[in-house]
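Below are some notes for a colleague who is opening this model for the first time. They are set out as numbered points, to be read beside the structure.

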Amino acid sequence: MSVTLRPMTHDDLPAVMKVERETFPLDAWSEGMLRGELDDQPRTRHYVVAVVGEEIVGYAGLYAAGDQADVQTIAVSEGHRRAGIGGAMLTELLAEAVRRGATSVFLEVRADNPEAQAVYDRFGFERIGLRRRYYEDGTDAIMMRKDLNA
Ligand SMILES: CC(C)(COP(=O)(O)OP(=O)(O)OC[C@H]1O[C@@H](n2cnc3c(N)ncnc32)[C@H](O)[C@@H]1OP(=O)(O)O)[C@@H](O)C(=O)NCCC(=O)NCCS
């Protein structure tokens with residue numbers, strides 16, 4: 001399986017929204033929210049899609065301003081997980097954060113999402129705090145940070 005990463009464009013939004021709705025059925029972003037993110041590229045955002053053949057199987061986005069960056073979102077469609085695609089996209093976001101002069105990257109992850117936490121642990125993110133009942137269903141958010149100078 002050959003995977004290509006490339007910048008996300010507005011034309012990708014329908015395919016990206018399909019993965020978004022399947023991945024986050026309870027709290028999917030709207031297409032308008034995602035379009036707003038793309039509208040702010042390349043000033044403060046960097047969004048990529050992962051493509052297998054003609055199909056968009058994943059996407060991820062970074063917010064970067066000053067010396068800090070945030071992983072805004074990352075998702076891989078269910079049938080393509082554990083194949084290195086999420087890791088490849090995260091590697092690209094971290095590289096972009098470095099290119100833009102960030103020294104730290106932050107993110108929030110649901111406390112009940114061990115799969116994503118495993119990816120972030122693997123990439124050297126550290127737990128720095130908890131936002132209790134951060135999500136609408138009452139689940140806590142774990143706040144994580146990766147120091148890019150380390
Ligand atoms: C999180 C997510 C994007 C990871 O994508 P992925 O393509 O499956 O990740 P990778 O295959 O690159 O995995 C990288 C490493 O993370 C760890 N990892 C990933 N999924 C894991 C799992 N289910 N259990 C344990 N470790 C896991 C492993 O160390 C893995 O490396 P390995 O397969 O060589 O052991 C994917 O699981 C996903 O879309 N989940 C639903 C959406 C989501 O939770 N997004 C994050 C919101 S904060």
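**Notes on the model**

1. Q117 is buried, because its relative accessible area is 10% and buried means under 20% relative accessible area, with exposed over 50% and partly exposed in between (1.4 Å probe, protein chains only). The residue sits in helix α4; helices (H or I, at least four residues) and strands (E, at least two) are DSSP runs, numbered from the N terminus. Leaving out neighbours within four places in sequence, Q117 is in contact with V109, R110, A111, D112, R127 and I142, where contact means heavy atoms within 4.5 Å.

2. A word on the basis of these notes: this is a predicted model, in which local features need pLDDT of at least 70 and side-chain atom pairs count only at pLDDT 80 or more, while totals for chains, interfaces and linings use all residues. Residues are numbered from 1 along each chain as its sequence is written, and side-chain values use heavy atoms, with hydrogens and water left out.

3. R127, one of the contacts of Q117, is placed in strand β6. R127 is partly exposed, with a relative accessible area of 45%. Not counting residues up to four places away in sequence, R127 touches Q117, D121, I142, M143 and M144. R127 and L62 are 65 residues apart along the chain, and their C-alpha atoms are separated by 19 Å.

4. Which residues have the most contacts inside the largest nonpolar core? They are M89, V105, Y120 and F125, in a core of 27 residues. A nonpolar core is a set of buried Ala, Val, Leu, Ile, Met, Phe, Trp, Tyr and Cys residues joined through side-chain atoms within 4.5 Å. At least two residues of this core come from each of β2 (45–52), β3 (55–65), β4 (68–76), α3 (85–99), β5 (104–110), α4 (114–122) and β7 (141–147). The most is given by α3, with 6 residues.

5. F125 touches L90, L94, V105, L107, Y120, M144, R145 and K146, again not counting residues up to four places away in sequence. Another core, of 13 residues, lies apart from the largest one, and M8, L13, L38 and V51 are among its members.

6. Two packed helices are described by the angle between their axes and the distance between the axes. Here α1 and helix α2 (residues 31–39) pack at an angle of about 125°, with their axes 10 Å apart. Axes are lines fitted to C-alpha atoms, for helices over the stretch in contact, and angles run from 0 to 180 degrees between N-to-C directions. The helices α1 and α2 are therefore oblique to each other, since angles under 35 degrees count as roughly parallel, over 145 as roughly antiparallel, 65 to 115 as roughly perpendicular and the rest as oblique.

7. Which residues of α1 and α2 meet? L13, V16 and M17 in α1 meet E31, L34, R35 and L38 in α2. By class, this contact of α1 with α2 has 5 nonpolar, no polar and 2 charged residues; Ala, Val, Leu, Ile, Met, Phe, Trp, Tyr, Cys and Pro count as nonpolar, Asp, Glu, Lys and Arg as charged, and the others, Gly among them, as polar.

8. K18 also lies in α1, which spans residues 13–23. Is K18 buried or exposed? At 52% relative accessibility, K18 counts as exposed. K18 and I142 are 124 residues apart in sequence and 26 Å apart in space, C-alpha to C-alpha.

9. Most residues other than glycine have a negative phi, and most peptide bonds are trans. R82, in the loop between β4 and α3, has a positive phi of about 60° although it is not a glycine. R133, in the loop between β6 (126–131) and β7, also has a positive phi, near 50°. R82 is exposed at 87% relative accessible area, and R133 is exposed at 61%. The peptide bond from Q41 to P42 is cis, with omega near -5°; P42 is in the loop between α2 and β2.

10. S77 is in the loop between β4 and α3 and is buried, with a relative accessible area of 9%. Its contacts, leaving aside neighbours within four places in sequence, are V19 and V57.
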